[in-house]
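Dear colleague,

Please find below the structure that I am handing over to you. My notes on it follow, arranged by topic.

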Amino acid sequence: MKLKKQVTVCGAAIFCVAVFSLYLMLDRVQHDPTRYQNGGNFPRSQISVLQNRIEQLEQLLEENHEIISHIKDSVLELTANADGPPALLPYHTPNGSWVVPPEPRPSFFSISPQDCQFALGGQGQKTELQMLTVSEELPFDNVDGGVWKQGFDIPYSPHDWDSENLQVFVVPHSHNDPGWIKTFDKYYTEQTQHILNSMVPKLQEDPRRRFLWAEVSFFAKWWENINAQKRAAVRRLVGNGQLEIATGGWVMPDEANSHYFALIDQLIEGHQWLDKNLGVTPRSGWAVDPFGHSSTMPYLLRRSNLTSMLIQRVHYAVKKHFASTHSLEFMWRQTWDPDASTDIFCHMMPFYSYDVPHTCGPDPKICCQFDFKRLPGGRINCPWKVPPRAITETNVAERAALLLDQYRKKSKLFRSNVLLVPLGDDFRYDKPQEWDAQFFNYQRLFDFLNSQPELHVQAQFGTLSDYFDALYKKTGVEPGAQLPGFPVLSGDFFSYADREDHYWTGYYTSRPFYKSLDRVLEAHLRGAEILYSLALAHIRHSGMTSQYPLSDYTLLTDARRTLGLFQHHDAITGTAKEAVVVDYGIRLLRSLVSLKQVIINAAHYLVLGDKGTYHFDPSTPFLSMDDTRLSQDALPEQTVIRMDSLPRFVVLFNPLDQERLSVVSLLINSPRIRVLSEEGQPLAVQLSARWSSATDIVPDVYQSVKRVDEAQEHRLSTEFLIYGTRTSKDKSGAYLFLPDGEAKPYVPKEPPVLRVTEGPFFSEVVAYYQHMQQVVRLYNLPGVEGLSLDVSSLVDIRDHVNKELALRIQTDIESEGTFFTDLNGFQIQPRRYLKKLPLQANFYPMPAMAYIQDSQSRLTLHTAQALGVSSLSNGQLEVILDRRLMQDDNRGLGQGLKDNKRTCNRFRLLLERRTTANKVQDGRPTSFPSLLSHLTSMHLNTPVMALPVAREQPGGPTLRSFQPLASSLPCDIHLLNLRTLQAEDDKLPSSETALILHRKGFDCGLEAKNLGFNCTTSQGKVALGSLFQGLDVGFLQPTSLTLLYALGSPSSSMDVHLEPMEISTFRLRLG
């Protein structure tokens, strides 16, 4: 249906929606096997069973035809009796197919050729280090390197520093997971609050002490519980440089599964909190624990005006290679960047871990002796059996020499004489005794080293930014500028292995139920933010602010923080303990319900024809929710609209930036309905049965996918597969994927039950197996919705033992070992299948899409939830749907994955013809989806919300469609968020709003005939002054991504320009 963003009302005689609507009737036909038994049991032979299934299928098809015929007759009758021109109704052709007449107005706008140059031109500058090339060239051998097991011996001469001293910054830090082995609240109560409470007096004892913190979620909770005196002390510590907040996000996010909306949102939440409470603007990024690193993060940090960053978990073979070539520090640049504007300086930690044994130098046996929490008599000791010794006057010379040797060796891996030495681990410094042990002993070592000029070393405590500042000073450039003499790198750091063939590729799929719920919450948060901001602006414009529930702002804040919390690298990853997962789930569900309330309250005001009649009554909501979930681990149940003698109205909310033509599914309790639009026009519908027992497509049945204007047919088949795990001591777990070989076909105990539904607006095949149901649906609509296959898999593997379920798509596309996966829904990264690596190493994260292509065609798998994906042979895409594993994989969790849920994975398969493919372009490290692909992803991830009007009154208020935008945004401009900013009272909204826009890069070289776009492109120009219908933009300030820095003065012009791929934030005032 055509839905003007944001809200459309449908009303009329008995029940109303808008243009094309699909109705599923609850329990209209029960799947009852007894109906087909003909007085006896099914024959036992396979042939008889199959014959019986076919008879069932024929009967179901006949019933379906009857239902469709009934609704068609009803609609024709309705059309004949209605006023106004007749609706354009679908009709049946003699060959049995349905035809939906085209819309009377043109539905396609051409794309400007100038906007096609970005993907064609290969503007990205060639970099010295391209990770795709590095991976292809590295041998990935695992040679024993001696004390640095994954490295090599590091020689040096004591005279190497005669001309320039070694400058050492030891950075005390405590890594606090907002949920992992314990819940967020339990960690805070038992550990984190004690760390922060001790921090204040211990740093005050000596101005030379430093401390680094990253997780604002914990810091904000602690801040609420401390008095004004302690708050003032914290501000002084931040002000004088003793305490640094690094990155400043709500959490240290996972970089594989997180979507860029959520990554930006948690960064804004953290930065806004820091600005308001501490007056601090983070300068350096600190990511020591995410399991692999995405190139989206450096882009977001650079747009937030951070100048430097640090990463840790990178494949050990890549670390060794970078160490041997002095490339551990580099300028990280986006592959598509034409002018080095995205560059950010990045430090890669060289050794195995971020704990103390692996940070002072290459020998963990020695470094562990300088972790003074492990002094004899404590709760933890050194695995290498040599304990630390307290530093005294008698041993300081010998101990300092031992430590300096490690510092010198480590420094030889880098290009400067400035050395970074982190000093911390998980939840460190939680007792005053540890603060004393570390700071007193290290200060004695520093004092000795610094008093010996012949050693040519200057050692001190520092923060991360102290280190980077010293490095910038040495090279003579300002922070954020291009550092001379350092390599430029592009690409990402997936997939990660920490030792042997232990690849962390399992967590791309672990606990897919919650990965899906995360994206549902994200879509609701974006919708609620936009509607709340618009409702607030309009209600302020009308002077009725006192009547609106401004308190909904606290619900928005809580939801932002819930979504932010779940981006943590042990949350969305599915790598926390079961009780912690339940805690996350309860938080996600609570926020989802709250956001539906925010949307309902905003929509209520916006769709009223007469705003003067607006009255908010929390006890009787104006609209009902579109669906409900009985518990945090339950699938949603769609709201059933109960029919009686009074008309029922439904409000439809389209969260997209453009109008859309979509099928909307509603449940009603009667087949005898008439449907009218807001203007009273009859609407064509498809009425189908609602099945109480679900059924699905046969995976290994061949199915042809054909574009209407193509003579060539493409073969495409799907099959389900099962991976086992190894029989040796190392087995798959929450983090690791360690299969026992290639996947084996899934063999069900019984043949599948099939159901075929045919209708004017969609047809589908559903196949039901013991462990999954697969639905393949094709929409018979012009435009985006009708050009891809809708695929969903309902998976339940709770009776499996050490098995992983995969879906493989096989095509005749000659992909030749190359495939493409997205990074955070923001950009595309080409991948190569590497035979030299084990099977599990060739899997990558797929938060939004993956595709394969040849010179003729591209097949894209769009996903509504993050999952692991690969292409293990020519023409294949393979996605892991769920994993059930009975044991821990020895990475600290202490549990397997045994809390599986019934999970629905949703996909769209899009086949496109390539028109301008060439080998030069395909050989570049960049690739872009088509505009159609971008829009298909948006349709999948932001479905229309259908909100029934709750009040059933004959003389109810007049409702009118609300169209917030004067016109659709350009096809390639995405309104990422319209986020109301916080007032001084953090429970209330301010008068300012953050508008975040993203201009998407796209490939014009894919067939684009009759796609039904109702938008065009504009070379990145957007007229913000006239964007919002009925509202003026009174103030417009371009800012950094998280609004902490104004970029220039407030703009007098309301016209803005975005480069391809650019994400820009504007502070504005609507009125």
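**Disulfides**

C116 and C1004 are joined in a disulfide, with their sulfur atoms 2.0 Å apart. Please bear in mind throughout that this is a predicted model. The torsion about the S-S bond of C116 and C1004 is about -80 degrees, so this disulfide is left-handed. The pair connects distant parts of the chain, 888 residues apart. C116 sits in the loop between β5 (98–99) and α2 (117–121), while C1004 sits in the loop between β42 (989–999) and β43 (1021–1023). Are the two cysteines buried or partly exposed? C116 has a relative accessible area of 11% and is therefore buried, as the limit for that class is under 20%. C1004, at 25%, is partly exposed.

A search of the whole structure gives four disulfides. As a general point, a disulfide is a covalent bond between the sulfur atoms of two cysteines. When the bonded cysteines are counted along the chain, the disulfides follow the pattern 1-7, 2-3, 4-5, 6-8.

Another disulfide is formed by C360 and C367, whose sulfur atoms are 2.0 Å apart. The link of C360 and C367 is left-handed, with -90 degrees about the S-S bond. C360 counts as buried at 2% relative accessibility, and C367 counts as buried at 0%.

C368 and C382 also form a disulfide, and here the sulfur atoms are 2.1 Å apart. With -100 degrees about the S-S bond, the link of C368 and C382 is left-handed. Both C368 and C382 lie in the loop between α10 (364–367) and α11 (396–411), so the pair ties together parts that are 14 residues apart in sequence. Both of these cysteines are buried.

C346 counts as buried, with 0% relative accessibility. C904 is partly exposed, with a relative accessible area of 25%.

**Nonpolar cores**

Which residues touch the most other members of the largest nonpolar core? They are F219, F322, Y407 and F493, in a core of 233 residues. Helix α14 (residues 512–541) supplies the largest share of this core, namely 14 residues.

F219 illustrates how one of these residues is surrounded. Leaving aside neighbours within four places in sequence, F219 is in contact with L196, M199, W213, V234, L243, I245, W273 and L278. There is also a second, separate core of 24 residues, which includes L212, M252, F468 and L471.

**A six-stranded sheet**

Six strands make up an open sheet with mixed pairing, in the order β6-β16-β12-β13-β11-β10. At its edges stand β6 (129–130) and β10 (284–287). Each of these two has a single partner strand, so one side of each is left without a neighbour in the sheet. Within the sheet, β12 (residues 329–332) and β16 (residues 488–490) run parallel and are joined by two bridges. In this pairing W332 stands opposite L489 in β16.

**Strand β30 and its partners**

How many of the residues of β30 are buried? The count is eight of the eight, so the strand is largely enclosed by the rest of the structure. β29 and β30 run antiparallel and are joined by seven bridges, and V775 stands opposite S792 in β30. β30 also pairs with strand β39 (residues 903–913) in the antiparallel sense, over eight bridges. Here V795 stands opposite T903 in β39. For orientation when viewing these strands, in a regular strand the side chains alternate between the two faces of the sheet.

The loop between β29 (772–779) and β30 (788–795) contains L787. L787 and L909 are 122 residues apart in sequence, and their C-alpha atoms are 9.0 Å apart in space.

With this, the structure is in your hands.

How values were computed: Residues numbered from 1 in each chain as written. Predicted model: local features only at pLDDT ≥ 70, side-chain atom pairs only at ≥ 80, totals over all residues. Heavy atoms only, no water. Helix = DSSP H or I, 4+ residues; strand = E, 2+ residues; numbered from the N terminus. Core = buried A, V, L, I, M, F, W, Y, C linked by side-chain atoms within 4.5 Å. Buried < 20%, exposed > 50% of the residue type's maximum accessible area, 1.4 Å probe, protein only. Contact = heavy atoms within 4.5 Å. Disulfide = S-S within 2.5 Å. Pairing = 2+ DSSP bridges.
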